[in-house]
Amino acid sequence: MTDVISTHAVAERRHSKAINRIIGRYWLVATLLVMIAVFAFLKPQLLDNSNIATILRSSALMAIMILGLTWVIAAGKIDVSFMQIAALGNMTTAWLLASGSGWALAATCGVAVGAVAGLLNGTLIAILGIPPLIVTIATGGICASIAAALGKGTSIRIADAGLLGDLLFTNWGPVPVIAVIAALFYLISWYAQEKLTFGHYIFALAQNEKAVNEAGIAARSLLLFLFVFSGICSAIAGVLLAASLSSGQPMIGSSYFIDGLTAVLLGGLMLRIGKPNVLGTTTAVLLLSVLVSGSAMVGWADYQRQIVKGVLLLVGVAVAMQFGHRSSSPIQGA
Amino acid sequence: MPKHGIVPAGTVRFLAFAALVFIIGAAFTAVEPRFLSTQNISAVTRHMAANGLAALGLTLVVIVRKFDLSFAGTACFSAMTIGFMIAGGHDLWLCIMAGVLAAAIVGAFNGIAISYFGLPDIVTTIATGSIAGGLAFLYSQGRTIFRNFVTSGILDLNDARLFGYSASFFFLIALYAVAWVFMHRTRYGASFHATGENPVSAYFSGVPTRTYTMMAFIICAITSVFAVVLILAESGTADTNKGATLLMPAYAGVFLGAALLGGTSVLATLAGTLLITMLLDGFSLLGVPYYYSDGVVSAILLTGVVLFDARVRQLFSDLASFIQPVTSASEKRS
């Protein structure tokens with residue numbers, strides 16, 4: 001029934017549809033440019049080399065954290081444990097460093113716990129078929145608890161930020177090295193998403209998991225991989241944050257929760273409308289970082305920024321629904 | 001999926017639940033005899049009231065097969081609204097009505113956006129939750145409100161006793177009784193279930209499914225206000241994060257109850273809330289650090305969902321075919 005209606009509508013309004021598609025595809029980039037222009041007009045310091053480096057550095061950390069999340073949501077599932085996995089990776093690294101091991105071991109273990117958490121998510125969701133929201137709320141809670149327990153409820157100081165710290169704070173002109181690395185990651189992911197069958201399978205999973213299975217694709221293994229990948233990405237970001245902040249912060253997760261989901265979902269509203277994709281996520285992450293930096297300079301309070309982000313997310317969803325070609329939700333939730 | 005009405009399965013599940021309550025109670029009493037003291041039981045009933053009220057509204061949202069991640073933010077907003085009204089010297093009932101109204105507006109916004117405009121539920125509620133959480137700061141720029149709390153009479157809500165137990169517990173039981181009759185013995189309740197099970201056939205059977213979905217979100221917002229009023233009454237101050245702690249226990253209560261009793265229902269939520277509250281209260285009595293409690297609740301939620309989910313699949317093979325598309329499809333073909 002839906003098919004009949006949608007083809008009919010497409011045939012009737014093909015012309016206006018094309019304009020709508022362009023607005024739907026690129027409004028986020030336009031918003032980003034407008035926002036940069038407005039903030040740069042109000043506060044020219046926004047475009048200082050050091051400030052650009054700060055914006056790009058925080059964007060890079062954020063982008064690495066939610067790379068896996070982008071694909072999880074693109075596959076029609078949800079992961080609300082990513083920020084707590086990052087916190088766990090962060091605290092594991094800090095805890096190991098504090099108890100005397102080297103950076104290599106600590107960082108590896110930090111990433112490994114992320115992989116384990118992702119494996120737990122993936123097993124429960126892909127193999128046992130339990131609703132992803134419930135599973136990831138629960139695993140997120142467990143990760144947060146372990147992270148807090150490692151530091152007995154407070155943060156752990158790291159004496160030496162090591163090689164990673166040097167890497168994080170090395171800039172090439174206004175561009176931090178870590179941003180280049182993150183950009184490379186995204187380039188590879190973009191290739192995998194757009195040019196390999198892998199990417200098609202991800203978006204196919206969101207459409208019809210059963211059909212993907214019937215087509216002979218190991219849908220469960222793919223889903224399992226996506227969750228493990230998301231766990232690893234979050235944990236890498238957590239390890240980097242440990243080096244960046246020179247400490248392990250058990251509560252670091254909560255500040256990334258809204259931002260991470262907002263970035264992925266806003267990103268899902270450009271290019272491939274209603275489908276989270278890596279280029280969209282990159283744009284949205286930059287948008288949020290510029291918003292944070294710019295609004296801090298203009299003197300907005302934290303809560304005002306929170307309201308703006310919420311409104312941005314709502315408007316974004318509404319715009320995508322208005323101009324997009326599909327009216328069904330990007331996330332099936334349960 | 002005829003989950004209701006199969007008497008033997010229901011009885012077994014109820015007995016299993018009763019045994020679980022008994023075992024948990026016995027285990028806590030063995031470690032800490034104070035668990036059975038009147039003081040602690042009174043505390044359990046009081047905490048259960050807050051958790052249970054928030055979970056009740058969420059139950060309705062889950063029954064119409066949606067998720068609401070905004071009610072914690074909404075509760076923060078209405079807590080500050082109530083605090084602001086109390087500080088302004090208004091009558092208590094007027095203050096609570098203002099809080100209910102504030103939450104109902106957010107709930108109605110959620111409901112209209114999701115049911116009438118077809119926006120995805122998780123994204124929309126994350127956004128509105130973020131906005132409501134930000135709006136909570138508006139009244140006092142984030143400062144704690146405590147003026148007039150002692151004279152307003154809100155503290156009496158916490159201290160009121162009936163038969164030695166806090167009045168809020170009896171309010172909880174009364175509200176659950178009303179909700180049970182409404183949800184499981186009237187055609188309106190049946191319409192809620194029909195909307196969740198199959199919105200298309202419900203719609204063509206004359207159920208205004210959109211209205212029911214919207215009502216579920218409004219009721220969810222309102223019950224979270226009742227919960228936060230109890231929290232305000234207990235603490236005697238209004239903070240911007242007063243409702244944030246409601247999210248985890250409410251989800252755990254709804255889904256643990258659903259796992260234990262084989263389906264989301266008002267009684268299942270009550271059962272789940274009882275278990276969760278016993279555990280949380282028992283651990284805090286034992287002096288377990290606060291940061292473990294979330295992890296324990298999450299772990300129990302996860303185990304409960306996994307264990308009982310396996311049994312659900314054995315008992316209802318048609319549900320199994322729903323969850324495991326590959327095996328069922330091949331079986332049907334051969």
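How many residues of chain A are in contact with chain B, and how many of chain B with chain A? The count is 42 residues of chain A and 42 residues of chain B, with contact meaning heavy atoms within 4.5 Å.

Before I go on, the conventions. This is a predicted model, where local features need pLDDT of at least 70 and side-chain atom pairs count only at pLDDT 80 or more, while totals for chains, interfaces and linings use all residues. Residues are numbered from 1 along each chain as its sequence is written, chains are lettered from A and ligands numbered from 1 in the order in which they are written, and side-chain values use heavy atoms, with hydrogens and water left out.

Now the interface. The area buried between chain A and chain B is about 3,700 Å², and carbon and sulfur atoms give 79% of that. Buried area here is the accessible area, with a 1.4 Å probe, that two parts lose on being put together, summed over both. On the chain A side, A:Ile134, A:Tyr303 and A:Leu314 supply 17% of the area that chain A buries against chain B, more than any other three residues.

Which elements of chain A supply at least two residues each to that side? They are helix 6 (132–150), helix 10 (209–214), helix 12 (252–267) and helix 14 (302–323). Helices are DSSP runs of H or I, at least four residues, numbered from the N terminus. Helix 6 of chain A gives the largest share, 11 residues. By class, the side of chain A that touches chain B has 27 nonpolar, 11 polar and 4 charged residues. Charged means Asp, Glu, Lys and Arg; nonpolar means Ala, Val, Leu, Ile, Met, Phe, Trp, Tyr, Cys and Pro; the others, Gly among them, are polar.

Next, the rings. Over all chains there are 22 aromatic pairs; rings of Phe, Tyr and Trp (its six-membered ring) pair if their centres lie within 6.5 Å, and planes under 30 degrees apart count as stacked, over 60 as edge-to-face and the rest as tilted.

One of them is A:Trp71 with A:Phe198, edge-to-face, at 5.2 Å centre to centre and 80 degrees between the planes. A:Trp71 sits in helix 3 (residues 49–74) of chain A and A:Phe198 in helix 9 (residues 197–207) of chain A, so the pair ties together parts 127 residues apart in sequence. Both A:Trp71 and A:Phe198 are buried, that is, under 20% relative accessible area, against over 50% for exposed and in between for partly exposed (1.4 Å probe, protein chains only). Ring pairs also link A:Trp71 and A:Phe198 with A:Phe225 and A:Phe229 into a cluster.
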